[in-house]
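Subject: the model you asked about

Hi,

Here is the structure I said I'd pass on.

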Amino acid sequence: MPEPLRIVMADDNYLVREGARRLLEDSGDVVVAAAVGSAPELLDAVERLRPAAVLTDIRMPASQRGPEGRPSMEGIEAAHAIRSAYPRTGVVVLSQYADESYAFELFRDGTAGLAYLLKDRIGEVGRLLEALREVSAGGSLIDPQVVEALVRGRARVRASALRDLTPRELDVLREMAQGRGNAGIAAQLHLSESSVEKYVNAIFTKLSLTTEDLSHRRVTAVLTFLRDAGLRG
Amino acid sequence: MRAAIAVLAVLGYGALVAALSVSLVTGDGSEVGWILVGPLPFCVIGAIGFLRRPENRVVWWLVGVGAAFGAETALGDVFLPMAERHWGTGSSITALVALLCQWAGTSNEVAAIGMIGLFPPGRPERGYERVVIWTSAAAAVLVPLLDAVSAANIALTGVPGQGVPIVRSGVSLAALAPLRGTFVAAFNSYPFWTVAGVVLLALRYWQGKAAERRQIRWLLIGVTGSFSLWVPLFLLWWEADPASAATNVVATVLSALAIATALVAMLTALFYTGVFGIDEPGRRALVHRVLRVSIATAVAIAAVTAGLLTSLAAPAAVAVVVGVTAAAGGQAIRGRLEHAADRWVLGSRLAGYANLNRFGRSLIQPPGSDGLLSDLAGEVRRGLDLTWARVSLDAADGPLRAVTDGTPAGEPAATVPIEYRGTILGGIECGPRSDGPLLAEDRRLLAYFAAQAAVGVHNLHLAAELSRRIEEVRDQAAELAASRDRVVAGQDAERRRIQRILHDGVQQEIVALSARTGLVRQQLLRGDPAAAGGLADMQRDLATTLQDVREIAYAIHPPVLSDRGLLEAIEAQSTRLALPMAVCADPRLRGVRFGEQIEVTAWYVLSEALSNVVKHAAASEVEVSLSQEDGRLGLVIRDDGCGFDLDRPRGLGLTGLSDRLDTVGGSLTINSATGLGTSVCVHIPVGRNHVGRDQESGPEQVAGRERADA
């Protein structure tokens, strides 16, 4: 049994905040050091408590920032602030928006220690715990729904290099994009790690990407490719 | 005076007609011819002039000339020979006829002096004129008498040797015999008395101003010309051999020319007094035509005369050559003369149509401008030669404007309304002509002017109206575009509001439920008994969430509004509102359906107003009334809250309501004052026919719905 993760939670909706807190604490894998309702409170709590990871809502209008009526991204800004001030604290951003642009905004300066999950996952405690552990270890994770939307959208573009990938290679690409390492992909797809490695090399060759050992840089490369593939098409 | 003239005319004309009849009966062709070309034209011109202008003194004199000429001709040429044949030259009846003939002759001269010498007023204005007129009148009466009492025979002038009878006087007195020569000479000179008239006219011309000179000029030239023909004619009659054919030919030609010239001169004079013409151009055109005819006649007569005169002294062939040469030369001279006449008479050619054209051109100006009015007034005055003219027009905007050309004196001689299909657009008023009262032709032309002006002004009004309407439409279009933009902005704001409600409310509730589900699942996996309580909580929260979703949907569009109608929706709202809400409405409005657009708009305004009441008014009660009158749906939301200052700038909310109402042609009135509550009144046109149709089909529809509900 590993040491429970110390985390800080932020959500402006009390019901959501309390529901998630109870769920996570009930799992026994997490200790919620603080649950707050706004971005300033979150930054304050992180400074005081130095948690291993943070779970925050993307939108917290209580802070009264952002123009009226426009989706605000207080959560993303807080994530960037935390990541630059406390590199040992990972941040999981929960979002209502499946749009890729929010994810790319989060990964603006790199994917290390950051995760972008849809709020729908809040009931799937395993997925939440996985993301928290990943970011606390400096890894990254993207909600498979966002990746799926990206891959599906880009693969439809006629000139896209994604059309050259076999279905199996596409599966591996999806897993890569979600931030999984070779071992994780092998476990997820029930393959041997060496097979995964072969697939990864094939994908990188087909997409003209350079092979990267570090998984978070690999994620960045894949995500950047996916984002720009549509434009090249 | 007019009656006296008429009597004189009847006598003279009667004598002439009688003479003509007798001549026709006796078959005296030459006499008939003479009557037709000699006195008759004067009579006819005089008669026409008198009928047209009974007040014109020149015409009176002319009637006198014609009557006396006619009487002289009748007495001298027809009745005297008849009397002579009947009673003999010694008879006193014959002598009386001769005396009357003489009086007619001298009267003719007096009338001619009056007509020519006193032209154009027709009455003596200076002392010497009076002297001349009265002297000549006295001489006209006395000279024949003195002649008769001093001489044995009555001195009858005429063409010697043409059968003028020698009539014994019968009343001659031997004592006066020595004076006989003087009196006879005085009488014989009478055809030249008219010269006195010409002299008077010349004096008038000499003394007159430019305008009077223009009037006199033609007559002066005419009568001078005529006399320059009469003198050689008389010399010929007295001195030449009466038996000579040449004498006769020349005499005939000269007398014809002399009479024609005299006639033309008189006609011209009459035109210048305005007896015949309606305007200057018309007068000029007629003068021009008469001149051309006269020139042609004169040239022809000259050519024939030349030929005839040559034939008296030279062989026939030479005469023919001379005649032809004269005729050919005459054509060239005629061309020159006509050209000169054209330039002289028609220096600036203007016709009646030209006047109308100029008048019409003046109308192509914006209405109401003083330039237009003064142009029109000027054209009317110049065109009809009026003393003054005033044109007033109803400018498309503003009061009636009038401009007068000339100086008005006294009552207007004519007033013509400028009228288009019963609408008075203005009027033309004018004084008399500068040469006399208005003629029927003048009034007709005035009416034409007015009709033309009416159409023109009406068109200008239409044009002005059109540009005003276009301006209005443009403004409305701009306002519509602005309103549409505001409506779109309002819709966008509403969408964002709904998005926020869903996102921040229901969506979060569901997320929280999702977390709770995860928790319960873990508890169940562990066999934790707390799971049952967690599930019960979740069920309760799900019911709350469902209620929230229902409320949101209701706020967006209440189903009762589309299913049942506006009144029912309002009544339903009263049970949901946090405040006591009273509904006042005509029960007949129950079940009445208006257009969807109208119902939704009314509902939108109602819910906005109610939300304002709840948020801002601090009211204890709100009253909503619904009515329908005069094809308008009325909705009033009145509260007893704190009210607000109407002078404060309107917020976006109220403008949004106005714009929303604009889309259905409705209007918004707000009454409020601090501390006195607020009432929001809305009127939306629904149209009678629309309601009627709804009422007719209403029960059926309602019944159908009730069945559906059941």
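How are H1(A) and H5(A) oriented to each other, roughly parallel or roughly perpendicular? Keep in mind as you look that this is a predicted model. The axes of helix H1 (residues 14–27) and helix H5 (residues 125–136), both of chain A, are 10 Å apart and meet at an angle of about 80°. Angles of 65 to 115 degrees count as roughly perpendicular, so H1(A) and H5(A) are roughly perpendicular to each other. On the H1(A) side the contact is made by A:Leu23, A:Leu24 and A:Ser27, and on the H5(A) side by A:Val125, A:Leu128 and A:Leu129.

Now for the rest of chain A. The chain has 10 helices and 6 strands, and 48% of its 233 residues are buried. If you take the contacts in chain A with a separation of 6 or more, 65% of them are between residues 24 or more positions apart.

Helix H2 (residues 39–49) of chain A is worth a click too. Its buried residues are A:Ala39, A:Leu42, A:Leu43 and A:Val46. Looking down the axis of H2(A), you'll find these buried residues within an arc of 95°, so they line one face of the helix. Among the elements that cover them are strand E1 (5–10), strand E2 (30–36), strand E3 (53–57) and helix H3 (74–85) of chain A. Just after H2(A) comes A:Arg50, with a positive phi of about 45°.

One more spot in chain A: A:Ser101 sits in helix H4 (residues 100–106). With 9 C-beta neighbours inside 10 Å, and 12 or fewer being the cut-off, A:Ser101 counts as exposed. Its C-alpha atom is 9.1 Å from that of A:Arg227, although A:Ser101 and A:Arg227 are 126 residues apart along the chain.

On confidence, chain A has a mean pLDDT of 83, with 87% of its residues at 70 or more. The stretch to flag is residues 63–71 of chain A, where pLDDT stays under 50. For that stretch the model has 10 contacts beyond four places in sequence.

B:Phe119 and B:Pro120 are joined by a cis peptide bond, with omega at about 5°. You'll find B:Pro120 in the loop between helix H5 (92–117) and helix H6 (127–150) of chain B.

Two residues of chain B other than glycine have a positive phi:

- B:Arg421 has phi at about 45° and lies in the loop between strand E5 (414–420) and strand E6 (423–430). With 6 other C-beta atoms within 10 Å, B:Arg421 is exposed.
- B:Ala618 has phi near 55° and is placed in the loop between helix H19 (596–617) and strand E8 (622–629). B:Ala618 also counts as exposed, with 12 C-beta neighbours inside 10 Å.

Last, where the chains meet: 14 residues of chain B are in contact with 16 residues of chain A. The chain B side of that divides into 4 nonpolar, 7 polar and 3 charged residues.

Cheers

Conventions: Residues are numbered from 1 along each chain as its sequence is written. Chains are lettered from A and ligands numbered from 1 in the order in which they are written. This is a predicted model: local features need pLDDT of at least 70, side-chain atom pairs count only at pLDDT 80 or more; totals for chains, interfaces and linings use all residues. Helices (H or I, at least four residues) and strands (E, at least two) are DSSP runs, numbered from the N terminus. A residue is buried if 20 or more other C-beta atoms lie within 10 Å of its own, exposed if 12 or fewer, and partly exposed in between; C-beta atoms are placed from the backbone. Axes are lines fitted to C-alpha atoms, for helices over the stretch in contact, and angles run from 0 to 180 degrees between N-to-C directions. Angles under 35 degrees count as roughly parallel, over 145 as roughly antiparallel, 65 to 115 as roughly perpendicular and the rest as oblique. Two residues are in contact if their C-beta atoms, placed from the backbone, lie within 7 Å. The arc is that of the directions from the helix axis to the C-beta atoms. pLDDT is the predictor's confidence in each residue, from 0 to 100. Ala, Val, Leu, Ile, Met, Phe, Trp, Tyr, Cys and Pro count as nonpolar, Asp, Glu, Lys and Arg as charged, and the others, Gly among them, as polar.
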